[in-house]
Every structure is written in structure tokens, then in C-alpha cells.
Amino acid sequence: MYSVLKGASYILAHTPDMVIHNGTTQTTQRTIDPDSEYLKNLDKSLRSYDECKAYLPNQTYIGNITPDELAGYAQPWYQQKSDYIQREGRFGEIMPEDEFIGLIAICDVFDLVKLESQFAVSVKKKLESHSLIDPKFLSVFDKNFELSEINGFIADEHAEPLYYGGMIVGCIKAAHDIDHSLSAHVIFENLVSKASCVLSLLHLIDKNHIGKEDIEYVIECSEEACGDMNQRGGGNFAKAAAEIAGLVNATGSDIRGFCAGPTHALIHAAAMVKAGTFKHVIVAAGGSTAKLGMNGKDHVGKGIPILEDCVAGFAILVSANDGVSPEINTDIVGRHTVGTGSSPQNVISSLTASALEKAGLKLTDIDKYTVEMQNPDITKPAGAGNVPEANYKMIGALAAMRIEIEKSQLADFVSEHGMVGWAPTQGHIPSGVPYLGFARQELMDKKINRVMVIGKGSLFLGRMTNLFDGVSFVLQQNSGAGQEETVSEDKIRKLIAASLKDFAKHLQEDEG
Amino acid sequence: MAEQYGPENIIVILGAAEGEAAGLAAETVTAGDPTFAGPLAGVQLGLKVYHACEPEIKDEVDSAVYDEQISMMEMVLDVDDIRKEMSTIRDEYCKF
Amino acid sequence: MLKDKKAIIIGDRDGIPGPAIEQCVKTAGAEVVFSSTECFV
């Protein structure tokens with residue numbers, strides 16, 4: 001019996017100060033031209049927390065607006081006024097930067113995060129009223145520092161400053177004097193990733209009526225690496241995040257595959273659950289500081305606010321078949337293999353048509369494709385075009401080449417089987433997974449029959465191979481075979497009874 | 001690289017997803033980096049530059065290979081827009 | 001135009017990737033001296 005998609009959570013943390021100080025576009029610019037106009041005027045292009053909350057794609061990400069509703073608003077969306085301004089959403093929340101810094105401090109178990117006294121007091125007060133933060137963690141805010149001490153750590157010990165509202169409110173120290181893998185910069189990135197992963201886990205548990213103790217395994221699939229100089233990517237973000245989230249019965253591991261990571265991880269999770277190894281597996285990832293403001297130069301140059309101002313996270317619960325939730329059909333899995341090559345038609349064909357054909361399905365049999373769901377507000381001004389739309393056009397073009405549709409129906413195919421993109425450009429975050437929360441609902445409401453989840457990854461960025469990568473699978477309505485446990489118990493009893501009867505009959509016949 | 005091979009012997013071929021990005025990349029290799037930040041800042045190379053979807057390239061490439069590698073993207077990309085941007089840049093800056 | 005030329009290829013992951021362009025220009029007699037694939041996302 002297939003495993004099921006039991007729940008999904010999505011969170012954002014609004015981090016404008018990290019855009020300035022930690023996004024690689026900005027840090028690189030600071031290295032080559034610290035006096036550039038771009039850096040000088042950057043803060044004028046940053047959005048306030050309220051503006052960030054009211055941004056329609058962000059409200060879609062946390063579940064308050066559906067993709068269909070978002071598509072009803074004219075683009076660009078940053079120019080649209082919105083009635084949706086809530087912090088809380090059906091799938092998660094949009095956390096302000098000060099609280100997120102507080103969460104980073106909570107996630108630090110090696111005493112590397114140092115917060116300034118006044119800031120620590122105010123953050124403690126705010127997090128006290130956060131329903132998902134265990135009060136036992138709040139004592140970290142009682143041990144804090146004067147600004148002069150923090151400035152000392154930054155000046156003398158290469159600590160990375162933590163800013164809020166343009167002011168230094170703390171710092172993150174290096175975990176080793178010499179080891180680059182434990183530098184303040186790496187620890188900063190890793191704690192941000194961990195904290196956003198933890199928040200996603202907390203929302204997933206909160207919103208899906210499952211006990212923390214029921215989770216047996218967590219797979220983390222971000223694009224960061226944690227370890228020391230002897231094992232730079234040793235891991236294990238999954239277990240580290242599970243610890244803070246209180247998943248006491250879970251172990252876990254990290255899976256990497258650039259932006260394709262989440263889809264790889266979901267296939268692993270689905271297989272583990274289908275095999276009966278575990279009943280509840282979470283696939284989760286936090287976000288990336290490096291990608292904050294990645295296309296900022298293009299945005300500022302065109303008079304657009306910096307739209308890449310949020311660290312994102314998500315968590316997906318894969319569970320044993322409950323008879324209701326959508327099934328993860330692991331018999332329809334697309335793979336970009338070593339031999340596939342890099343021509344766009346081979347890539348998209350390996351991920352869609354080839355897998356579907358084996359199952360006797362056509363491209364048009366999939367109601368919705370969830371691809372790289374990047375928000376076009378961000379990518380279009382940066383010259384990357386409308387990424388999800390380009391993906392849908394490729395699938396449509398493939399359908400036309402395979403004569404499943406007429407070439408003239410390409411635009412219809414894109415609008416029928418596609419969606420607008422709403423996810424922040426945080427690499428693995430937009431890749432297939434942002435739609436899973438909505439997909440679960442739409443499949444359970446029987447509005448659609450099948451969804452194909454596609455993850456693609458640019459492996460060549462790591463300079464170990466020139467290859468591209470991708471995997472895909474199909475999500476389908478539950479066949480309604482009922483709960484695995486009750487069915488099997490009942491069935492087993494009947495089977496035993498039947499075979500005993502049979503056996504008795506044989507005995508009688510033999511004797512007779 | 002332009003120095004090593006002689007700029008007249010070099011052709012730059014782009015695969016950008018849309019016209020403006022193609023134009024920007026083309027401008028960088030012909031007129032220098034318009035954002036004044038990249039490695040080619042301030043250097044006016046005037047190199048010959050085309051997008052992989054332009055007919056000048058397509059006509060010289062083995063058609064079977066082109067079909068396999070690129071043809072589907074002709075349906076996806078706005079080739080007319082890309083071509084327009086590219087020829088504008090070429091007319092203005094290309095020296096070869 | 002491509003024959004015996006040194007080709008510099010700047011591909012795009014959301015457009016045409018570098019290796020796909022490489023395969024094409026080689027058939028026209030160009031020598032690929034540099035090839036990369038950009039990623040904006």
C-alpha cells in the first residue's frame with residue numbers, strides 16, 4: 001500500500017538585515033566595491049515587516065491565498081494592495097526578524113550566539129507569547145551581554161554581527177579558531193537553516209494532529225553543509241532540528257541534491273513508509289541566508305523593492321496509508337539519469353513522459369504539475385524569465401511533439417496543467433514542494449486526480465560534474481482501501497479461518 | 001581569453017532564457033559590463049555574439065543534433081524577442 | 001561563421017544549458033574553449 005501525504009507546513013522569516021549583511025550578492029559587492037551606490041541605497045529598497053506580510057505571494061506560501069486566487073491578481077504583485085496581512089496562515093507563519101534571531105539563539109546549543117541585554121529582554125517577551133515555543137528554552141535570553149562586549153567579539157574574535165533595524169543586537173561566534181568549516185560565517189548560515197527548519201517542524205506538528213513522539217524519522221534536504229574540517233558535510237541537520245522541535249523518538253539524516261533535494265527526500269520517505277520501516281517520516285528544510293537579495297541589483301536598478309527578503313522553510317509529513325490522504329505513487333517515478341544528457345527536451349522528457357508512459361499515462365492525464373514554483377515578480381526583472389511558466393511550456397511542447405496535443409493548444413495546456421509561481425528564490429524551497437499543502441486539499445476534495453511533483457537541480461554549480469539532475473513522482477487520490485491496520489487485522493483473521501477450514505476439510509478427505 | 005585567441009577568432013554563444021537577459025549578457029561581452037561589477041568591467045571587447053536559437057547558428061549546426069538539443073526550446077522561448085535584443089546589441093557594439 | 005572559431009558558451013539553466021550548445025556548435029566545426037551554465041534561481 002502506498003504511503004500518503006499527511007500534512008505540510010510552510011514558514012517565512014522576514015530578515016531584511018540579513019539581506020544587507022549575509023546575502024552573497026551584497027557581501028560580494030562589499031568585497032569588490034564597498035562604496036558602490038547599490039550598497040549605499042540598499043536599505044531604501046527593503047520592505048517593512050508589514051509590507052512583507054501583505055505581499056500576496058507570501059500569503060500564498062503560508063496558505064491564506066490559493067494559487068488560483070493569486071493568479072487572479074494582476075502582476076507584478078508587489079504593486080498590488082492586499083487585504084491579507086495575517087502573520088498566521090493555514091500552513092505556518094511569517095515571523096519577524098527579532099523573533100527569528102531569538103529562535104536562532106534557542107537553536108544554538110554550543111553557546112555561540114550572544115545577544116545584547118535589552119534586545120534579549122524584548123525578544124524573550126515576544127517569544128513568551130508564541131504558542132509553539134517551549135517555555136523551557138526561554139532561559140537562553142537570561143544570559144546576555146553588553147553591546148561593548150559584543151563589539152569586542154566582532155572586532156577581536158571574527159564573530160558575525162547580528163543586526164536588527166540596522167543596529168547590532170548580538171553576534172554569532174566562530175566555533176573554532178582555525179577550522180573554516182566552523183567559522184562564524186558557516187555557523188551563522190547553519191543556525192539560520194536549522195532555526196527555519198525547526199519552525200517548520202513545529203508548525204507541521206501543530207497543524208496536523210500528530211504527536212511529537214509519533215515521528216520516527218526526519219530527512220532534512222536543504223543546501224547547507226554542517227561538519228568540521230575533517231568531515232565538512234558530516235551532518236546532521238535533521239536530528240539537530242528534531243531535537244529542538246522535541247521529536248524525541250526520531251532519528252534522521254540529510255539528503256542533498258541542490259534544488260532537487262526535496263523531491264529526492266520525498267521519494268526516500270515514501271519508500272521507507274511503504275516498506276513498513278517507519279510509519280511517520282518528515283521531510284523538512286530550512287532556508288538560506290546566502291540567497292537573500294540574490295537578484296537585488298536587478299530589483300533596485302528597476303526601482304523594485306528587494307523581494308528576496310525572507311528565509312523560508314517547509315516540512316512535509318509522509319505517513320502510512322490512512323485511507324484518506326493522497327497517495328505517493330512510487331511506481332511512477334521519473335529520473336534524470338547520467339545518460340540522459342542536458343538537452344532540455346531529454347531532461348523534461350525523462351522527468352515526465354518517460355515515467356508516465358510506463359504507467360500507461362499521457363502528459364495530459366496529470367491535472368497539475370508542480371515544478372520550480374519561483375515567484376515571477378522576483379525572476380522576471382532579473383532576466384531569468386517566468387520559471388514555472390517556462391517549465392509548463394516545456395511539458396506542453398513535449399506533449400505537442402508526442403502529438404498528445406496540437407501545437408496550437410500549448411497555451412491552454414500551460415494554463416490548465418500549470419500554476420503561477422509564488423515561492424521565494426531559496427533554491428530547494430520552490431522546487432516542487434510549495435504546492436503540496438494545497439495539492440493535499442484539492443486531491444482530498446476530489447477536485448483533481450493526479451499531481452506530478454518535479455524537482456530539478458543544477459549539480460554543475462558544485463563543480464563536481466557538468467550534469468543536471470531531477471526526479472519526479474505522482475501524487476494521486478487515495479484509492480480508499482481503508483486504514484492499513486484495521487483492514488489487515490480483519491483480513492488476516494478471515495484468511496486464517498478460511499485456511500483452517502480448508503485444512504480441516506483436507507484432513508477429513510484424507511481420512512475418508 | 002580574448003587576448004589569447006585574438007578577439008576576431010572568438011564567437012560567444014548564449015543560452016539565456018529571455019530577451020533582456022540575452023541582451024545584457026551580449027552587452028557585457030561586446031561593450032563591457034554595464035553593471036560595472038563583473039570581471040569584464042570597463043573592457044570593450046566587441047566580440048561576435050549570438051543566441052543559440054538564432055538562425056545564424058541554427059543554419060550551421062547539424063540539423064539532427066540541433067533538433068535533439070535545442071529545437072523544443074524554440075517553442076518555449078520568445079525567439080523573436082531574443083533576436084531583436086541580440087541584433088540591437090550587435091549593431092551597436094560588435095566589431096567583428 | 002562557426003567553422004574554426006573559438007566558441008565561448010554562456011548557457012542558462014532556464015534557457016539552453018551550456019552542454020547542449022556545446023554539442024551543437026561542435027558539429028559546425030567550432031572549438032569550445034569555455035562553457036558554463038548560469039543559474040539565477
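Which residues in helix 7 of chain A meet which residues in helix 10 of chain A? The legends below refer to a predicted model.

**View 1. Contact residues of helix 7 and helix 10 in chain A.** Helix 7 contributes A:F100, A:L103, A:I104 and A:C107.

**View 2. Packing geometry of helix 7 and helix 10 in chain A.** Helix 7 spans residues 97-107 and helix 10 spans residues 184-207. Their axes lie 9 Å apart and the packing angle is about 100°. Because angles of 65 to 115 degrees count as roughly perpendicular, helix 7 of chain A is described as roughly perpendicular to helix 10 of chain A.

**View 3. The side of chain B that touches chain C.** Here 23 residues of chain B are in contact with 25 residues of chain C. Strand 1 (10-14) and helix 4 (63-69) of chain B each supply at least two residues of this side. The most comes from strand 1 of chain B, with five residues. By class, the chain B residues on this side are 17 nonpolar, three polar and three charged.

**View 4. Strand pairing between chain B and chain C.** Strand 1 of chain B is joined by five bridges to strand 1 of chain C, residues 6-12. The two strands run parallel. Within this pairing, the residue opposite B:I11 is C:A7, in strand 1 of chain C.

Note on methods: Residues are numbered from 1 along each chain as its sequence is written. Chains are lettered from A and ligands numbered from 1 in the order in which they are written. This is a predicted model: local features need pLDDT of at least 70, side-chain atom pairs count only at pLDDT 80 or more; totals for chains, interfaces and linings use all residues. Axes are lines fitted to C-alpha atoms, for helices over the stretch in contact, and angles run from 0 to 180 degrees between N-to-C directions. Helices (H or I, at least four residues) and strands (E, at least two) are DSSP runs, numbered from the N terminus. Angles under 35 degrees count as roughly parallel, over 145 as roughly antiparallel, 65 to 115 as roughly perpendicular and the rest as oblique. Two residues are in contact if their C-beta atoms, placed from the backbone, lie within 7 Å. Ala, Val, Leu, Ile, Met, Phe, Trp, Tyr, Cys and Pro count as nonpolar, Asp, Glu, Lys and Arg as charged, and the others, Gly among them, as polar. Two strands pair if DSSP finds at least two bridges between them.
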